[in-house]
Amino acid sequence: MEVSSAAKEIAAASRNERQASPNGEAIAERFERLIDRVREHRPSENPAPIRKAWDFCVRFHEGQMRASGEPYIIHPLEVAEVLAEMKLDATAIAAGLLHDAVEDTPVTSDEIAAEFGEQVAHIVEGVTKIDKIQFANREDRQAENVRKMLLAMVSDVRVVLIKLADRLHNMRTLEHLKPERQEAIARETLDIYAPLAHRLGMGKVRGELEDLAFRYTDPVSYQQVAEAVEARRADGEQFMAHVEEMIAEQLRENEIEARVEWRIKRLYSIWQKLQKSQISVDQVFDLLAIRIITQQKADCYAALGLIHTLWRPVPGRVKDFIAIPRANLYQSLHTTVMGENGHQFEVQIRTEEMHRIAEEGIAAHWKYKAGESVISARDEQRLAWVRQLVEWQREMTDPNEFLSSLKMDLYPEEVYTFTPRGKVVIVPADGTPVDFAYTVHTEVGHTCVGAKVNGRMVPLRTKLRNGDIVEIVTQTGHTPSRDWLTFTKSPRARNKIKHWLNENQRLRAIDVGRKLLEREARKFKVPMNRIEDGDLGRLAGDYGLATATDLLAGIGFGKHSARQVLNRLAPELLHTEEPEEAPTTGAAAMSEAVRKLHLTGSDSLQVEGQNDLLVYRARCCNPIRGEEIVGYVTRGKGVAVHARSCPNVQNLLYESDRRIEVEWAPTASEIAGRAQRYPVRITVHCDDRSGMLKEMTAIISSDDTNIRAVETRDGANGEAIVEFVVEAEDVRHLTRMVTGLRRLPGVREVQRAQKV
């Protein structure tokens, strides 16, 4: 084990510093414990690269502090400790220590490669965020960082394991940041990183990330769920201890070698179930769960039979994920049984191997020998979806579309169906025969005209169920329909349909644009032979576009005026009093050349491009000030402005050429000192008790909010549903109202309805 003279000097300097500083000494002791853990998990591993990386970190992060006030060096050390818990190799842990070196110190990737080798440099480069490139907005930057990580992950999965360890420690120390940063990071964690851990089968990391993020994205719900679980904890622990003892005794009597443990369901998982099913915590069947961990697969089924002799199973709650594993290779038997005094609890039965895979996922089997990754067939299967994602993302120019598709694909709820020959085809929950067809093959999807489910012809929008046998009927020459986007669920199907429609619509738009330009030319007697494609191409650059066909497509979609384009192409032949579009030079300049366009009433928005377009707020989502918004060019109607969260947006924006950037601008009333008010419908699910309506109206009125309308009705499970139409100034005003309502005792859920 040789170390360079420079590294020895650094190590000596760091030792001297530790001796002078009690804090430094404690950090040094933690690092030595890290080395001990690596030796314990990987006795044959040479820890020299880890020591060298540590000394490098101490040197280059010297003097840097975190928002918590602790030395920055704590962060890479914590990341390395998480990686050591995953039992990763020395190369991965060294890269984990260095993961912020390129981003936060003067060190370059070339210097990392020279000092630690190409493999470490490649991993560090894959983890490093893209910060030196200017992006139009936060979504573009986020999308590019995720794309970069996925591309690097295909060649070395250690990239994403380090990224998850980095995010895990950042989430553990999130309380030291400002509230807006806390919420943004927590939301990204729930949208991207926790689902990514889930898809890689890393249940332990995923669960902690979700609970940590839940605390910041919805603190009121987090507190309510935590209090409800805590109130039931003592009785639950006593009950589960009794059940655990009974099962252990029966396993011994039946000579089944297994260990028994139990757990309380994680807070975020409980909240998701409450939201999905609109039930109370008492009705969550798997709030308490027993795990039986056996040595052999056959013992799993023997234990299941034993459980069903002790307690009566709840119909429809027995699931066999051993015979048909989930998409992330999770395997286990699940059953919910009825215990004493009506207590329902879940039992999960799996082998030790299945348990390790369920907890650690891809990290459980990923091995490295002689500097090369050895990929098992299971790991290849686990990463197949990543390679597929990388293939799809090349077809997606819109970062919002990419992130939306990624979120859907990372966290699917699966339905298991079969081909007539018995092959398992996994489609998302509520998936249709069209989803099934595209899962089989793109051409099968494109040419799909009908489907047989269990031998009977069904409509293409039929929702598939577990166990369905599906046969697709195809017809040569048939093409996808835009209507399919209203009922397809899988990202693969939606991406393929959007791509085909986008290409088809673009070709039509180019043709329409050329005809509109020719019509304007005839109207003003401008000879078309004077206008060459080269002239159009040069003008396209002024509009921030790449080619002449992009400009023609923009005219066809209605984003650019044919007359104004013609006026710029032949100004000496065309005389018009119509004001010209301000030319732009590139995408960055386009964002500066904005026009204020007034809506009905006193609202106003800023929209890139034309100064003669009608702009209106979409009625499907009724966006209010402060929400993230996006514009969509509609033929003959102008620009519809939608909230980014609007469910219709993803269906509309498959034609990226028709998307236009919009932003809120000051209104006339705001300039005069009066805030603009927007009508918003709020739906409250609550206990049906005396005085509830009075308390809710008091909460709303206390924030100087006008209530336009109130409607009440009975709901299921003895609840009441109250709908308010209130006037909100902006998103923050609305959030204060919603938070106040949710704090009321007896309020189960508060939702904003899209339509007023």
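## Close-up views of a predicted model

**View 1. The whole protein, for orientation.** The protein has 29 helices and 24 strands. Of its 756 residues, 51% count as buried. Take the contacts between residues at least 6 apart in sequence: 66% of these join residues at least 24 apart. The protein exposes about 35,900 Å², and carbon and sulfur atoms supply 49% of that area.

**View 2. Helix α19, a mostly covered helix.** How many of the eight residues of α19 are buried? Six of them are, so this helix (residues 433-440) is mostly covered. The buried residues are Pro 433, Val 434, Asp 435, Phe 436, Ala 437 and Tyr 438.

View 3. Side chains of opposite charge can pair when their charged atoms come close. The structure holds 32 salt bridges, and here we visit a few. Arg 51 forms one with Glu 32, with the closest N and O atoms 3.1 Å apart. Arg 51 lies in helix α3 (residues 48-60) and Glu 32 in helix α2 (residues 22-41), so this pair ties together parts that are 19 residues apart in sequence. Arg 51 is partly exposed at 26% relative accessibility, and Glu 32 is partly exposed at 33%. Now turn to Arg 167 and Glu 188, whose side chains meet in a salt bridge of 2.8 Å, N to O. Because Arg 167 lies in helix α10 (residues 158-172) and Glu 188 in helix α11 (residues 179-199), the pair ties together parts that are 21 residues apart in sequence. Are these two residues buried or exposed? Arg 167 is buried, and so is Glu 188.

View 4. Arg 233 forms a salt bridge with Glu 230, and the closest N and O atoms are 3.2 Å apart. Both residues sit in helix α13, three residues apart, so about one helical turn separates them. Arg 233 is partly exposed, with a relative accessible area of 29%, and Glu 230 is partly exposed at 49%. Elsewhere, salt bridges link Arg 259, Glu 261, Arg 291 and Glu 352 in a network.

**View 5. Two loop residues with positive phi.** Glu 255 is not a glycine, yet its phi is positive, near 55 degrees. Find Glu 255 in the loop between α13 (219-253) and β1 (258-264). Its relative accessible area is 76%, so Glu 255 counts as exposed. Asn 454, also not a glycine, has a positive phi of about 55 degrees. Asn 454 lies in the loop between β11 (448-453) and β12 (456-458), and is partly exposed at 43%.

**View 6. A nonpolar surface patch.** Val 449, Met 457 and Val 473 make a nonpolar surface patch of about 230 Å². Val 473 lies in strand β13 (residues 470-474).

Note on methods:
Residues are numbered from 1 along each chain as its sequence is written. This is a predicted model: local features need pLDDT of at least 70, side-chain atom pairs count only at pLDDT 80 or more; totals for chains, interfaces and linings use all residues. Side-chain values use heavy atoms; hydrogens and water are left out. Patches are made of residues with over 30% relative accessible area and no salt bridge: like charges are joined within 9 Å, nonpolar side chains (Val, Leu, Ile, Met, Phe, Trp, Tyr) within 5 Å. Accessible areas come from the Shrake-Rupley method with a 1.4 Å probe; for residues, only the protein chains shown count as cover. A salt bridge is a side-chain nitrogen of Lys or Arg within 4 Å of a carboxyl oxygen of Asp or Glu. Helices (H or I, at least four residues) and strands (E, at least two) are DSSP runs, numbered from the N terminus. Buried means under 20% relative accessible area, exposed over 50%, partly exposed in between (1.4 Å probe, protein chains only). Contact means heavy atoms within 4.5 Å.
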